[in-house]
Amino acid sequence: MDQPPGAPRGEALIRPLVPADWPAVRAIYATGIATGDATFEVVPPASWAEFDAGRRPGHRFVALATGPDRPAEVVGWVAVSPVSTRAAYAGVVEHSVYVDPAVAGRGVGRALLAALIASTEAAGIWTIQSAVFPENAASLALHARAGFRTVGRRERIARQHGRWRDVVLLERRSRVID
């Protein structure tokens, strides 16, 4: 299968997510929501301010695809949220990673997680966690390749469109923070 023009080949160009990226980030988020297997959310945040309020600064990145005679295009994003306001959990975050389906399988998710892991470890964060629907095999495989382990399965943890759903709880413990 041919790659679309500008699709990342190998490593994607990763840079910090900035407010100007919000329209593309929101569109990719909405695409993930529409699959039914990415999140319990039913709509993305309505504004940059709402998105920004729920995510920790310093650990938000976008992946860019470029092509001849065209500007860089956001094709994926990753960000973290605190899991608790308690001081004991200051080094634990929950993350979200979304990739435009047009570039799925081309290393974008791997590059985003690598940037996230580097930034969180540099900041003293010792655990990154996520809850992934068991039906989302691509996300589970991506996380396993990035060093995440399965902690367990939370059965019937919440409803989505009137139906109970399970999630697989994943975590990655830092290899550099004692």
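This is a predicted model: local features need pLDDT of at least 70, side-chain atom pairs count only at pLDDT 80 or more; totals for chains, interfaces and linings use all residues.
How far apart are the mean positions of the positive and negative charges of the protein? I looked this up before anything else. The protein has 21 positive and 17 negative charges, and their mean positions sit 4 Å apart.

Next I went through the secondary structure. I found 4 helices and 7 strands. Starting at the N terminus, the order of elements reads β-α-α-β-β-β-α-β-α-β-β.

Then I checked the overall dimensions. The C-alpha trace spans about 50 × 40 × 35 Å along its principal axes. I also compared the radius of gyration with the globule rule: a compact globule of 178 residues would come out near 16 Å, and the protein has 16 Å, so the two agree.

On to contacts and surface. As for the inside, 43% of the 178 residues count as buried.

Last entry: the nonpolar cores. The largest one has 25 residues, and Val78, Val108, Leu112 and Leu113 touch the most other members. Which elements each supply at least two residues of this core? I noted strands E2 (61-67), E3 (70-82), E4 (92-99), E5 (127-132) and E7 (163-173), plus helix H3 (108-122). H3 gives the most, with 7 residues. Another core lies apart from this one; it has 14 residues, including Leu17, Trp22, Ile33 and Leu64.

Notes. Residues are numbered from 1 along each chain as its sequence is written. Side-chain values use heavy atoms; hydrogens and water are left out. The radius of gyration is taken over C-alpha atoms; the globule rule is 2.2 Å times the number of residues to the power 0.38. Buried means under 20% relative accessible area, exposed over 50%, partly exposed in between (1.4 Å probe, protein chains only). Lys and Arg count as positive and Asp and Glu as negative; His and the chain ends are not counted. The place of a charge is taken as NZ of Lys, CZ of Arg, CG of Asp or CD of Glu. A nonpolar core is a set of buried Ala, Val, Leu, Ile, Met, Phe, Trp, Tyr and Cys residues joined through side-chain atoms within 4.5 Å.
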